[in-house]
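Subject: Structure for your reading, with notes on what was found

Dear colleague,

Please find below the structure that I would like to hand over to you.

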Amino acid sequence: MKMYQLLLAVCLLATTSHLWAQCPPGQNELRLEIQPDEYWYEVSWKVTNQTGSTVLFSGTCANQNFATYQYCVPDNACTVFRIADSYGDGMVPDGFYRLYFNGELIYENIGGNYSTGENVYVGCPPGTHCGNPFVLDTGSFVTPTADETWYSFVPADTGTYQLSTCFSENTCPTKIWVYDQCQGITITNNQTGAIF
């Protein structure tokens, strides 16, 4: 009977310690599972706000072993997970990482091929990044914010199309940069990235 009570107590402690690891109200859990390649010391990451101006968390691999990291991020906020490799080969050939948001797998990179780095956007509204743009068709569209906004336009027919921000109600300065892909682009405040 004492052995049974001891086992029950251990199970209860294990369960409650899992509950202690959960995020407080108003925050969400972002969990990173990572298995670096043999060059684990080249890998680093950070969790920031949408603009990258505020670093919420950062980390590096301690060794070549599989590891799990848990972070609590603000609820209803656009958060960016940025993983980097100082050499520029990601975690090729056998490294990988997975990101979970409140226990749900939202992204994984098996083979670790991300060159010098890649971003994963978490909880971000449409239009905030290249991977989640507003989808446009011909006609007029008014952007919901004055911030940098991403759109996707795939014409139904071959032809010439005009993109313009010139109309009488537009009182803010605008710029349009056109890209034909999301991966590997250079984002700048001028046309350099689009030309590249």
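How many helices and strands does the secondary structure of the protein come to? There are two helices and 10 strands. Please keep in mind throughout that this is a predicted model.

**Overall picture**

Followed along the sequence, the elements come in the pattern α-β-β-β-β-β-β-β-β-β-β-α. The protein has 196 residues, of which 24% count as buried. Among the contacts with a separation of 6 or more, 55% are made by residues 24 or more positions apart.

**The open sheet**

In what order do the four strands of the open sheet stand? The order is β3-β2-β5-β8, and the pairing is antiparallel. As a general point, strands of a sheet pair through backbone hydrogen bonds, and the pairing may be parallel or antiparallel. The edges here are β3 (55–60) and β8; each has a single partner strand, so one side of each is left without a neighbour in the sheet. From one strand to the next, the twist averages 15°.

The contact between β5 and β8 can be followed in detail. These two strands run antiparallel and are joined by six bridges.

**Disulfides**

A search of the whole structure finds two disulfides.

One of them joins C23 to C72, with 2.1 Å from S to S. The angle about its S-S bond is -95°, and the link is left-handed. C23 lies in the loop between α1 (2–20) and β1 (27–35), while C72 belongs to strand β4 (residues 67–74); the pair therefore links distant parts of the chain, 49 residues apart. C72 counts as partly exposed, because its relative accessibility is 25%.

The other disulfide joins C78 to C124, with 2.0 Å from S to S. Here the angle about the S-S bond is 85°, and the link is right-handed. This pair, too, links distant parts of the chain, 46 residues apart: C78 is in the loop between β4 and β5 (79–85), and C124 is in the loop between β8 (117–122) and β9 (134–136).

Are C78 and C124 buried or exposed? C78 counts as buried, because its relative accessibility is 13% and the limit for buried is under 20%. C124 also counts as buried, at 13% relative accessibility. One further cysteine may be noted: C61 is buried as well, with a relative accessibility of 6%.

**Aromatic residues**

How many aromatic pairs does a search of the whole structure find? It finds 11. One of them is formed by Y97 and Y107, whose rings are 6.0 Å apart from centre to centre; with 40° between the planes, the pair is tilted. Y97 lies in strand β6 (residues 96–101) and Y107 in strand β7 (residues 104–110), so this pair ties together parts that are 10 residues apart in sequence. The two residues have their own accessibility values: Y97 is buried, at 0% relative accessibility, whereas Y107 is partly exposed, with a relative accessible area of 28%. Y97 and Y107 also belong to one aromatic cluster together with F81 and Y114.

Another ring takes part in an interaction with a charge. The charged end of R31 sits over the ring of Y100, 4.1 Å from the centre of that ring.

**Details of the backbone**

- The peptide bond from V92 to P93 is cis, with omega near 5°. P93 is found in the loop between β5 and β6.
- N102 is not a glycine, yet has a positive phi of about 50°. N102 lies in the loop between β6 and β7 and is partly exposed, with a relative accessible area of 44%.
- S115, likewise a residue other than glycine, has a positive phi near 60°. S115 is placed in the loop between β7 and β8 and counts as partly exposed, because its relative accessible area is 37%.

Yours sincerely,

A colleague

Conventions. Residues numbered from 1 in each chain as written. Predicted model: local features only at pLDDT ≥ 70, side-chain atom pairs only at ≥ 80, totals over all residues. Heavy atoms only, no water. Disulfide = S-S within 2.5 Å. Buried < 20%, exposed > 50% of the residue type's maximum accessible area, 1.4 Å probe, protein only. Phe/Tyr/Trp six-rings, centres within 6.5 Å; stacked < 30°, edge-to-face > 60°. Lys NZ or Arg CZ within 6 Å of the ring centre and 35° of its normal. Pairing = 2+ DSSP bridges. Axes fitted to C-alpha atoms, helices over the stretch in contact; angles between N-to-C directions. Contact = heavy atoms within 4.5 Å.
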